[in-house]
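Have a look at the model first, then read on.

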Amino acid sequence: RVRFKQAWARAWRRLLPLLGYYALIGVGALLAMLPFFGLVVGVIAAADAGNGGLVALLGVLAVIVSIGFVVLVVWLSTKLLLAPSAIVLERLGAVAGMRRSWRLVKGYFWRTLGISLLLQVIVGTVGQLVSGIGGFVLGIIGGILAPSGAVAEGQEWAVIGVIGLVTLISAALGVIVGVLTVVLIAGNATIMYADLRMRKEGLNIHLQQVVDDRAEGREPEGDPWTAPDLGPTTPTPGEPWAQPQAQPGPYPQAGQYP
């Protein structure tokens, strides 16, 4: 169990690599959009020249490039979803974290994409509901205070105050939902990172060793997040548990834990 202060301190020490990662993502996105911008400029130039055929051709190409850009963004964002977790927990650099995420997602792309999309749909729906409730309440209050469409004389400031208060509450709820959205999406990525490391590298054995050490009053040896790869621990047909390959170090040998 990690307290917020401990988690923040650990993430703060990895701030520069995280900023480097997001800078690389931003530069890559701008470079990927250059062909689309070039086609838009071409469409405008062809339209000014009165060349309708060229405008239609460039317009079709722009649509195709836009679809390709969306597909590329979805693919890369899924492959690199676990990079921030790897950068913080394994103390990797920006590029190394991206490579690490790429390897972990390999073989689990559609599963990772599906979970991410499902969570985004859920939190997006909640955000829309909060916004819709705020607008609905404002409409009701407006109908009560001004049923005929006009505010009674001398009540202007009272109406403004009530509407302002409701708007402020609605905005505050929107901010809270936005913060929770960021936390849930980032937390979900970290959970998937740990899950894939358990499936592919036996991270669960290292974590169990830390739990056992602390339960017996011993200080754990080493950081389980940077512990050696023990191999897959995903159950296979005919076996209740796959046995990871043991590695030297202060960690339990394969098969020591179920």
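Helices (H or I, at least four residues) and strands (E, at least two) are DSSP runs, numbered from the N terminus. Keep in mind that this is a predicted model: local features need pLDDT of at least 70, side-chain atom pairs count only at pLDDT 80 or more, and totals for chains, interfaces and linings use all residues. Residues are numbered from 1 along each chain as its sequence is written, and side-chain values use heavy atoms, with hydrogens and water left out.

**Confidence**

- The protein has a mean pLDDT (the predictor's confidence in each residue, from 0 to 100) of 81, and 81% of its residues reach 70 or more.
- Where pLDDT is low, the predicted coordinates should not be read in detail.

- Leu19 sits in helix H2 (residues 15–49).
- With 48% relative accessibility, Leu19 is partly exposed; here buried means under 20% relative accessible area, exposed over 50%, and partly exposed in between (1.4 Å probe, protein chains only).
- Leu19 and Pro84 are 65 residues apart along the chain, and their C-alpha atoms are separated by 9.9 Å.
- Ser85 belongs to helix H4 (residues 83–89) and is buried, at a relative accessible area of 7%.
- Leaving aside residues up to four places away in sequence, Ser85 touches Glu90, Ala189, Thr190 and Tyr193.

**Salt bridges**

- The whole structure holds 10 salt bridges, each a side-chain nitrogen of Lys or Arg within 4 Å of a carboxyl oxygen of Asp or Glu.
- One of them joins the side chains of Glu90 and Arg197 (3.7 Å, N to O).
- Glu90 lies in the loop between H4 and H5 and Arg197 in helix H7 (residues 156–201), so this pair ties together parts that are 107 residues apart in sequence.
- Glu90 is buried at 14% relative accessible area, and Arg197 is buried at 2%.
- Arg197 also meets Glu201 in a salt bridge (3.0 Å, N to O); these two are four residues apart in helix H7, so about one helical turn separates them.
- Arg218 pairs with Glu216, their closest N and O atoms being 2.2 Å apart.
- Arg218 is partly exposed at 40%, whereas Glu216 is exposed at 55%.
- Through shared partners, salt bridges link Glu90, Arg100, Arg197 and Glu201 into one network.

Technical notes:
Contact = heavy atoms within 4.5 Å.
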